[in-house]
Amino acid sequence: MKFKNFLFTAIFASTLFSCSNDDDNSYQPLGVYDNGAIILNEGGFGNSNASISFVSDDLEAIENNVFSSMNGQDLGDVAQSIGFNGAEAYIVVNNSNKIEVVDRYSFGSITMITNGLAAPRYFAVSDNTGYVTNWGDPTDATDDYVAVINLSDYSVETTIPVSEGPERIAVANGKVFISHLGGYSTNNVISVIEGENVSEITVNDNPDEMFVENGSLYVLSQGITDWSGNGNDTAGAIQKINISTNEVEQTIEFEVSNHPSQMVFENGKIYYSAGGEIFEMDANATTLPTNSILSGYFYGMAAENGLLYVTDAGNFASQGTLKIFDLGTYNEVASFSTGIGPNQIYFN
Amino acid sequence: MAQLDSINYLEEVLLSDMRLHEYSEGLKVEKLNDSVLEKNQMDLTTLLRFNSNIYLKENGPGMVASPSFRGTNASHTAVVWNGININSQLNGQTDFNTIYSNNYDNISVRSGGGSVLYGSGAIGGSVHLNNRFRFTDHFENKLRLVYGSFETKKAQLNTSFGNESLNISAGLNYVSSDNNYRYLGTNRFNDNGEFENLNLNLNAGTFFNQKNLLKFYHNTFFGDRNFSGGLHLNGRDRYEDRNSRSLLEWQYRQGQIRSTVRFAQVYEHYKYFQNASSETFSFGKTNKLLAQYDFKFDFSKTININAVAEYSSTKGDGSDISDVNRNVFAGVLLLNHQLTKKFGYGLQLRQEFANDYESPLLFAADVVYAFSEAYALKLNASKNFRMPTFNDIYWQPRGNPNLKPETSWQAEIGQEITVAEFDLNLNAFFIKSEDMIVWVPQGSLSSPQNINKFNGYGGEAGLGYYTEFGKNKISLNVDYAYTVSENAETKKQLMYVPFHKLTASTAYSYKNFTAFYQFLRNGNVFTTTDESRGLKGYDISNFGLSYNFSELIKKAELEVSLRLNNIYNEKYQITAGRPMPPRNFQIQLNINI
């Protein structure tokens, strides 16, 4: 413990020297696309028009088509997410069954992973190993798996079969936690990969976003929406799971007909969206807030440095919109036209 | 001009859709004659791409193809089979790659609105597939074999038997291809694009006395296609079509009266396999039964009226719609009047009564003024519609039962000029459509709403030239269309509607030898609704040679042809991300006995 503290302090201290404000000439940005937000535009399904946009922290302008400008070719069909390993960005292109590995600060191509993936969704690194969730054949509920990537040669080393619809990945305490949104169907588990072992934690239906904070894994479950209108919905929830014991320690449920869709964590607060409203609550709250902070249906959401970034994907056949709100005043501070179907925001 | 004479009477007997001729005087109707059909690929998509103003979009050769006629969308072109509208009841469209020209005796393209005559979807125009009877003594058989690049194989067998009062013809048509061409400039191949299609036709007609003629038409199509991917996506899915159409027609002709009773059945059934190697599929099918009574009365040689009453009942079922039923009664009144030798006009009205939508009153009017043999001026205006489809109304869970039909108004002016061996057509049109059905996100869900409005206008110019001298024959056809079609609110051009399309074809024949060359120039298109992205235009040329060995074998005709497609090996995409084939060939053997 003591050594860990010292190490933490040493690392923290060294970052104080490497981060500085714009006036200090000693800081070298790591590439053109440093100090800003990366917007991932998934494109229209089947239209192969996924792209990357970038907005620097000064919020002056957006640059679209970053990947194709840099590499002279299109990104692919339905870019679902990006995962990072140091300076490498792994862009998971779901409908092209590939991962484009690029430098996160220049978006120059490093390599491509094309074998061993089948409808890949998200990528994360744990203990110098890459993990990619895959839905497999959409009509087969039993072939979903996690691909394990060797990060030295970018190959799929092995595959771990998991329950249907594995989606996001959170890494903590030497474990890999996978939320099962359910793919084209429904599911209600978090898979836990510890070494060779895979176990499952039961949560509310359709778990998606997760983050780790203070020894807990927070999971947002959307609940099941009964499209036929017969009222067979199930409740969504924000649940806290102890990352040592894998036990669900707290469940805050939503009203059955109110299905949440996004959740992010920033500076001690949880921001989530439900029913066309965005809410803010303390990470250690035990009940849901009654009043929202913002209105609107958004496709992607992220928070950083006191700002909330949200995207509107429109009709997936024309440019989407990125809006940035100040989390102190809740006022809109910037708005940009992005690529098609903006769905995720990441920060350099 | 609409005058009754013996030549017309003969046409009534031989042709299937008389209204195409009798009530389209003020419109542009272009017939693709036999020599055009012979020189072109048999799929309707490629045939019309090179020989009409219609813009055809397809996700790769043989894959799902849809038309855009005068800038309108895929469900605004009606495909009419022997007078019966066969657009799908599920999505309001016809996949042009499921129609093969060699099953029909003539194919015509009628530009402009035709909902009064042909019902829902005839807005930008209509494509007519017609079979023709021959009541003469004959027994003819035809065999056609084709082999081409990418393991393309086609086989066609037709037989026709007839005498003065009877004609029976049957046809069988098979097409298959591996479709595994290389994407130019890459080392990727078009994977999972194999297809295999089979068409069966049967047509029979008989006079049971001088005044009564009974005709039967039938076509069944079996389609089995894997859906290819593209540059950035792998194709994994598969699609099966089973479509069938039947028409029984009893025509009675006595003096000034022509009375026709028609019964038709139009059946469609698709199965979609998301994974080609799995047995799991989603499906949709509809079965339409139609009964029609058509009464035409010729007041004189210059005035006639036509009244039609039609009742149809369609049942639909599928993975996403269940047990749905649509019943429509339609009443149509048509009038044609040749006022003077040079001036004639037509007036048309249609009203439908349906159980699941409210139809507007539809009308059309057209005028022809023939200044001379060499110059005619045509004007027409119409109100047309497209009914909400089964998918729009009944799709579970977000179909909308309160949808109205899409409606459209248009006006057109056309000029036909003939000078020596040249024919020139000049047309300008304006189309305004509203209540267009779009699936709109409502919160996190989507539901179809009548909210879009479109405005379109454009001009078309067509030139035809034909001459013979000695044993030489030369023909030249050039067609150009300029189309603006925009969303009335955003003022942006629709996706996949090119501003410019130019087609040209020329053929030269000397005795038994023929050479032909076809050219297509398609302009840039936008691939997003806000004009932010697009696909570059392309030029494609095809070339062919054929030799007719008709003197070689007695009583038989043998013709061998070679066809080269995309001779300049142009790299092009019609749908973004899906490259089209490089240069490829086809060898064809035709035997007529």
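Let's start at B:D392, which counts as buried because its relative accessibility is 8%, under the 20% cut-off for that label. This is a predicted model, and in it the side chain of B:D392 meets that of B:R386 in a salt bridge, with 2.6 Å from N to O. Elsewhere in chain B, salt bridges with shared partners link B:R19, B:K215, B:E249, B:R262 and B:D294 into one network. Over all chains, the structure holds 34 salt bridges.

Another charged pair worth a visit is B:D298 with B:R253, whose closest N and O atoms are 3.4 Å apart in a salt bridge. B:D298 belongs to strand 15 (residues 282–298) and B:R253 to strand 13 (residues 238–254), both of chain B, so this pair ties together parts that are 45 residues apart in sequence. B:D298 is buried, with 4% relative accessibility, and B:R253 is buried too, with a relative accessible area of 8%.

For a pair with another setting, turn to B:E151 and B:K153, joined by a salt bridge with 3.5 Å between the closest N and O atoms. Here B:E151 is partly exposed at a relative accessible area of 33%, and B:K153 is partly exposed at 38% relative accessibility.

Two asparagines of chain B come next. You will find B:N380 in strand 20 (residues 375–386), where its 8% relative accessibility makes it buried. What does B:N380 contact, once neighbours within four places in sequence are left aside? The list is B:G26, B:L27, B:A365, B:D366, B:Q410, B:A411 and B:E412. For a sense of distance, B:N380 and B:L445 are 65 residues apart in sequence, and their C-alpha atoms lie 42 Å apart in space.

The other asparagine, B:N548, sits in strand 29 (residues 538–548) of chain B. B:N548 is buried, at 16% relative accessibility. Not counting residues up to four places away in sequence, B:N548 touches B:N512, B:E557, B:L558 and B:E559.

Technical notes. Residues numbered from 1 in each chain as written. Chains lettered and ligands numbered in written order. Predicted model: local features only at pLDDT ≥ 70, side-chain atom pairs only at ≥ 80, totals over all residues. Heavy atoms only, no water. Helix = DSSP H or I, 4+ residues; strand = E, 2+ residues; numbered from the N terminus. Buried < 20%, exposed > 50% of the residue type's maximum accessible area, 1.4 Å probe, protein only. Contact = heavy atoms within 4.5 Å. Salt bridge = Lys/Arg side-chain N within 4 Å of Asp/Glu carboxyl O.
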